[in-house]
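Hello,

Here is the structure I promised to pass on. Please have a look, then read my notes below.

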Amino acid sequence: MAENDFLMRAVTRVIQISQSDTPLVQQLLSQLVSLMNTISNYPSNPNFNHNVFESISCLARYVCARDPSAVSQFDAALSPVFNDILSRDVQEFAPYVFQILSQLLDLNQGQNLPEHFKQMLPNFLLPQFWESHGNVPALVKLLQSYLTKDSAFIVSSNSISGILGIVQRLLHSRFLDECFQLLMSVFEFIPSDALASYITPVFSMLATKMSQTKSPRIRTSFDTFLFYIISLDKPGLNIDVIIAGFDAIQPTVPNFFEKIYGAVVMATVKEVINIENRRICTY
């Protein structure tokens, strides 16, 4: 098969310019899915492959923005080949698959997760997908989409522990930003009653990590996380609950939260560089 980079880039550009205002959407989607299926067997041209997935993503974005019911059409067309790519562990394509799955979840206007997304969630918590560094940012975004869309299912499927296991894994990797992004989504979207038993273990995990490394990055990330969950001020997760969660780490040490706040937060919050994070820390 001749994989012409310029031609595929032109297809992507046409979709972007037209914003897919065409009666040929179904035909175009079918052709792109067929093409994706073919190149997944012999992924040899990164630029061409990128533009195939970019075309699919653009098509979904524009079509589903105009017609939200079209999300199910994209789901039905893409799910078989996506499942095949993931089952065969085509590492070059997995990040694209996770990105588009997240996009489809975000575009879905239903109140709950589609059934096939529920069935896929346990697979996304398996260590094998997280071993490839290229998968991590897209997988974190996908889990955030799950949490945003249907946190009740995360609770009922007993997936909180699995997601926090991912957080712990990322905490000890170079993906600190993704770690705290995922953790903030957990605290934002999981109902407080379901989160209650995890609060002190999570705080203890973070305190232990900070005691093991002198890196300022972990401390400024912690600062942002702490101010973020305080700013949520959701029922069952107010400042008193947060202080009690920290104090429970070492019950024999009076005012443990105050010590953490003084030694870590006040000492490092001025070092937060990211503009959005600085805005959070000014709460």
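At what angle do helix 11 and helix 12 pack? The angle is about 155 degrees, and their axes lie 10 Å apart. Axes here are lines fitted to C-alpha atoms, for helices over the stretch in contact, and angles run from 0 to 180 degrees between N-to-C directions. So helix 11 is roughly antiparallel to helix 12 (the term covers angles over 145 degrees).

A word on the source. This is a predicted model, where local features need pLDDT of at least 70, side-chain atom pairs count only at pLDDT 80 or more, and totals for chains, interfaces and linings use all residues. Residues are numbered from 1 along each chain as its sequence is written, and side-chain values use heavy atoms, without hydrogens and water.

Back to the pair. From helix 11, Phe203, Leu206, Lys209 and Met210 meet Ile218, Arg219, Phe222, Phe225 and Ile229 of helix 12 (contact means heavy atoms within 4.5 Å). Of the residues in this contact, 7 are nonpolar, 2 are charged and none is polar.

Now the whole chain. It holds 15 helices and 0 strands (DSSP runs, H or I of at least four residues for helices, E of at least two for strands). The C-alpha trace spans about 70 × 35 × 35 Å along its principal axes. The chain has 283 residues, and 49% of them count as buried (under 20% relative accessible area, 1.4 Å probe, protein chains only). Among contacts with a separation of 6 or more, 72% join residues 24 or more positions apart.

Best wishes

Methods: Angles under 35 degrees count as roughly parallel, over 145 as roughly antiparallel, 65 to 115 as roughly perpendicular and the rest as oblique. Ala, Val, Leu, Ile, Met, Phe, Trp, Tyr, Cys and Pro count as nonpolar, Asp, Glu, Lys and Arg as charged, and the others, Gly among them, as polar. Buried means under 20% relative accessible area, exposed over 50%, partly exposed in between (1.4 Å probe, protein chains only).
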